[in-house]
Amino acid sequence: MSQIEIIAAPEDAGQRLDAFLAAKAGEISRTRARALIEEGAVTVDGRPEASPRAAIKAGSVYIVALPDPVAAEPQAEDIPLDILFEDAHLIILNKAAGMAVHPAPGSEDATLVNALLHHCQGQLSGIGGVQRPGIVHRLDKLTSGVMVAAKTEVAHTGLAALFERHDIERMYLAVTRGAPRPLVGTVDAAVARSQTDRKKMSVHRNPDSPAARRAVTHYKAIETFGERDKHTHAPAAALLECRLETGRTHQIRVHMAHIGAPILGDPVYGRQMHLTALGAGAGHDAAIAAAKAMDRQALHAAVLGFEHPVTGKPLRFAAPVPADMAGLIAALKRLPKD
């Protein structure tokens with residue numbers, strides 16, 4: 001990893017950070033500068049700066065940490081895909097948990113992009129001048145479920161516009177430790193990159209901060225399981241339906257943890273939060289064991305619906321809950337209730 005150090009001159013004051021870095025560091029574009037800022041790779045006078053819009057201060061020292069370069073183009077890999085729909089413009093698939101979407105440090109190959117490059121050989125008309133699949137939204141590596149990718153420039157542009165307008169149906173299923181109060185509601189809480197851990201997101205105390213982005217999740221409990229408190233009869237766990245109004249990084253995971261119902265198995269936002277349930281017996285023990293064995297967040301993108309960006313045809317796809325989550329839910333149903 002290398003780094004670039006820039007000292008802001010008086011005439012630089014007031015510029016946007018991303019524009020300033022692109023102008024001063026000739027080897028990175030403004031888009032690349034913005035991505036590095038949002039990834040936590042830029043510090044100002046030794047402190048991380050997460051907002052591309054932050055104003056430059058004369059005399060401040062700006063350091064950009066540049067990760068080691070990876071191969072310019074991901075390699076096509078013959079990896080089986082669970083395809084739900086495909087035409088000349090789009091491919092919709094059910095992504096397995098454990099598959100990263102893009103190559104990145106720690107996941108350089110066996111990603112969805114690698115698999116799509118192989119599957120779509122000869123079918124990609126070129127996006128941004130490069131024969132590659134157009135990814136307009138992501139699922140976390142450990143989240144399963146429905147995703148769409150574009151095969152043509154026109155489809156990519158149209159999908160991006162749909163996501164930008166939030167004119168798309170996205171429904172997730174999540175199993176949480178405890179249950180939210182109330183059981184049906186909306187979390188409207190801006191998120192930003194954590195100031196203490198740059199790999200995490202967090203709810204921002206000041207929604208008007210340049211670093212914060214509005215995030216809205218609508219949820220409802222489909223079912224609750226067991227009890228964790230004999231006085232309040234609060235559920236030990238719940239199966240939630242979560243619908244996204246916005247699509248921020250880790251949005252559902254951050255929002256559910258914020259309201260006291262972290263997703264079971266979440267290695268980042270709920271690692272130390274194991275299932276607690278009243279009762280005894282084989283059913284109780286099996287449920288506790290199943291929750292403890294869940295080695296990823298119990299989060300699944302169950303439904304994706306939108307209007308085809310080229311044909312205008314309404315499309316809606318559903319992916320069944322994968323075996324690990326289905327087994328967890330089945331085990332939780334055995335928890336005793338008073």
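## Close-ups of a predicted model

**View 1. Val44 and its partner across the strands.** In strand 3, Arg47 is the bridge partner of Val44. Strand 2 covers residues 42–44, and two bridges join it to strand 3, with the two running antiparallel. Here a strand is a DSSP run of E with at least two residues, a helix is a run of H or I with at least four, and both are numbered from the N terminus. Two strands pair if DSSP finds at least two bridges between them. A quick note before moving on: this is a predicted model, where local features need pLDDT of at least 70 and side-chain atom pairs count only at pLDDT 80 or more, while totals for chains, interfaces and linings use all residues. Residues are numbered from 1 along each chain as its sequence is written, and side-chain values use heavy atoms, leaving out hydrogens and water.

View 2. Four strands line up here in the order 1-4-2-3, with antiparallel pairing. At the edges sit strand 1 (2–7) and strand 3 (47–48), each pairing on one side only.

**View 3. The second largest pocket.** This pocket has a volume of about 220 Å³. Its lining has 14 residues, and those closest to the centre are Val44, Arg47, Glu49, Ala54 and Lys57. On a 1 Å grid over the protein atoms alone, a pocket is an open set of points where a 1.4 Å probe fits, with protein on both sides within 12 Å along at least five of seven lines; lining residues have an atom within 4 Å of a point. The volume is the space filled by probe spheres set on the points, which are joined across faces, edges and corners. By type, the lining splits into nine nonpolar, two polar and three charged residues. Ala, Val, Leu, Ile, Met, Phe, Trp, Tyr, Cys and Pro count as nonpolar, Asp, Glu, Lys and Arg as charged, and the others, Gly among them, as polar.

**View 4. A hairpin.** Strand 5 and strand 6 form a hairpin, with three residues between them. Strand 5 (residues 83–86) pairs with strand 6 (residues 90–95) in the antiparallel sense over three bridges.

**View 5. Strand 14 and its neighbours.** Seven of the eight residues in strand 14 (residues 237–244) are buried, meaning under 20% relative accessible area with a 1.4 Å probe, protein chains only. Strand 9 (residues 169–177) pairs with strand 14 in the antiparallel sense over seven bridges, and Arg177 has Ala237 as its bridge partner. Strand 13 (residues 216–225) also runs antiparallel to strand 14, joined by eight bridges; Thr224 stands opposite Ala238.

Technical notes: Buried means under 20% relative accessible area, exposed over 50%, partly exposed in between (1.4 Å probe, protein chains only).
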